[in-house]
Amino acid sequence: MEFFLDTASLDEIRKCKAYGLIDGVTTNPTLLRKEGQDWRRQMQAICKEVDGPVSLEVVGTTAKEMLAEARELIKFGPNVVIKIPMLLEGLIAVRELHAMDIPTNVTLVFSPMQALLAAKAGATYVSPFIGRLDALGQEGMECIRQIVTIYDNYDIATKVLVASIRHPMHVVESALTGADVATLPFAVIEQLARHPLTDKGLQTFLDDWKALAGDGAGQG
Ligand code: E4P
């Protein structure tokens, strides 16, 4: 499973790059707003920093507006993926971008049928938001399972990109479904690496090593 970082922060991107844990990045207007800088420059800098696909979202709500924005966004780098909201107008834009070989990520997906429509339009990625479904008392992961099964049933090439991830169990369960990609907030990536028994075990080893040195049996 590929890991994308769900962020518009260059600092977070650089840290994850150093860990070797980043296959791509997803951004959205809310994440860009948090950075509070010139969004154009920020998008360009992200595309330059990342060796992998970077989803940049359009904000128009008609196909015409989305396509005009997409034409500008693809100038930011060869790795740009156009993020399009799951609207009927969005499907028109996805179909046209697909015909031009421009990759797309259909976002704000909350049901298996929306995912099927996105795939039929030729989406490269589909992004079901599981954390937001869980928050409504629906099972976000069940939506992922159903999408993966439907795509498998019909050999659909669109990649399932699990979004709106809140905690490590979302990542474990996503991997068990066979989803292609999980886009993770930086805090969740850090949580994946941590385990209290790792910390406890390391502390014991370090304490024992110190005691051993104190006993006069240190290295050298
Ligand atoms: C995905 O591409 C979105 O940016 C993201 O996962 C949104 O999730 P949220 O519910 O944390 O805003």
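Q: Let's start with K83: buried or exposed?
A: K83 is buried, because its relative accessibility is 4% and the cut-off for buried is under 20%. Keep in mind that this is a predicted model.

Q: Where does K83 sit in the fold?
A: K83 is in strand β4, which covers residues 80-85.

Q: What does UniProt say about K83?
A: The UniProt entry, an unreviewed one, lists K83 under "active site".

Q: And which residues does K83 touch, leaving out those up to four places away in sequence?
A: There's T26, T27 and N28, then S55, L56, E57 and V58, and finally N105 and T107.

Q: OK, on to the ligand. Which residues surround it?
A: The ligand has D6, T26, N28, K83, F129, R132, A163, S164 and R166 around it. So K83, the residue in the UniProt annotation, is part of that shell.

Q: How does that shell split by class?
A: The shell has 4 charged residues, 3 polar ones and 2 nonpolar ones.

Q: Which polar side-chain atom lies 2.8 Å from a ligand oxygen?
A: That one belongs to R166.

Q: What about N28, how far is its polar side-chain atom from a ligand oxygen?
A: For N28 the distance is 2.7 Å. R132 also has a side-chain N or O atom 2.7 Å from an oxygen atom of the ligand.

Q: How much of the ligand does the protein bury?
A: The protein buries 86% of the 350 Å² that the ligand exposes when taken alone.

Q: Switching to the loop between β1 and α1. Where's T7, buried or exposed?
A: T7 lies in that loop, and with a relative accessible area of 3% it counts as buried.

Q: Which side chain makes a polar contact with the side chain of T7?
A: That's E12, and the contact is 2.7 Å. Setting aside neighbours within four places in sequence, T7 is in contact with E12, I13, V25, T26, T27 and L31.

Q: And S9, where is that?
A: S9 is in the loop between β1 (2-6) and α1 (10-19). S9 is buried, because its relative accessibility is 8%.

Q: What does S9 touch beyond residues up to four places away in sequence?
A: S9 touches E35 and Q42.

Q: How far apart are S9 and L32?
A: In sequence they are 23 residues apart, while their C-alpha atoms are 7.9 Å apart in space.

Q: Now helix α6. Which of its residues are buried?
A: In α6, which runs over residues 112-121, the buried ones are P112, A115, A118, A119 and A121.

Q: What comes just after α6?
A: G122 does, with a positive phi of about 100 degrees.

Q: Is D101 buried or exposed?
A: D101 is exposed, because its relative accessibility is 71%.

Q: What's the story with phi at L108?
A: L108 has a phi near 60 degrees, again positive in a residue other than glycine. L108 is in strand β5 and is partly exposed, at 32% relative accessibility.

Q: Zooming out, how many helices and strands does the chain have?
A: The protein chain has 11 helices and 8 strands.

Q: What box do the C-alpha atoms fill?
A: Along the principal axes, the box is roughly 75 × 40 × 30 Å.

Q: How many of the residues are buried?
A: Of the 220 residues in the protein chain, 45% count as buried. The chain exposes about 12000 Å², with carbon and sulfur atoms supplying 55% of that area.

Q: And what share of the contacts join residues at least 24 apart?
A: Among contacts between residues at least 6 apart in sequence, 55% do.

Note on methods
Residues are numbered from 1 along each chain as its sequence is written. This is a predicted model: local features need pLDDT of at least 70, side-chain atom pairs count only at pLDDT 80 or more; totals for chains, interfaces and linings use all residues. Side-chain values use heavy atoms; hydrogens and water are left out. UniProt positions are given in the numbering used here, feature names are shortened, and annotations may be inferred rather than shown by experiment. Helices (H or I, at least four residues) and strands (E, at least two) are DSSP runs, numbered from the N terminus. Buried means under 20% relative accessible area, exposed over 50%, partly exposed in between (1.4 Å probe, protein chains only). Contact means heavy atoms within 4.5 Å. A residue is near a molecule or strand if one of its heavy atoms lies within 4 Å of it. A polar contact is a pair of N or O atoms within 3.5 Å; within protein, one must be able to donate a hydrogen and the other to accept it, and residues adjacent in sequence count only if both atoms are side-chain atoms. Accessible areas come from the Shrake-Rupley method with a 1.4 Å probe; for residues, only the protein chains shown count as cover. Ala, Val, Leu, Ile, Met, Phe, Trp, Tyr, Cys and Pro count as nonpolar, Asp, Glu, Lys and Arg as charged, and the others, Gly among them, as polar.
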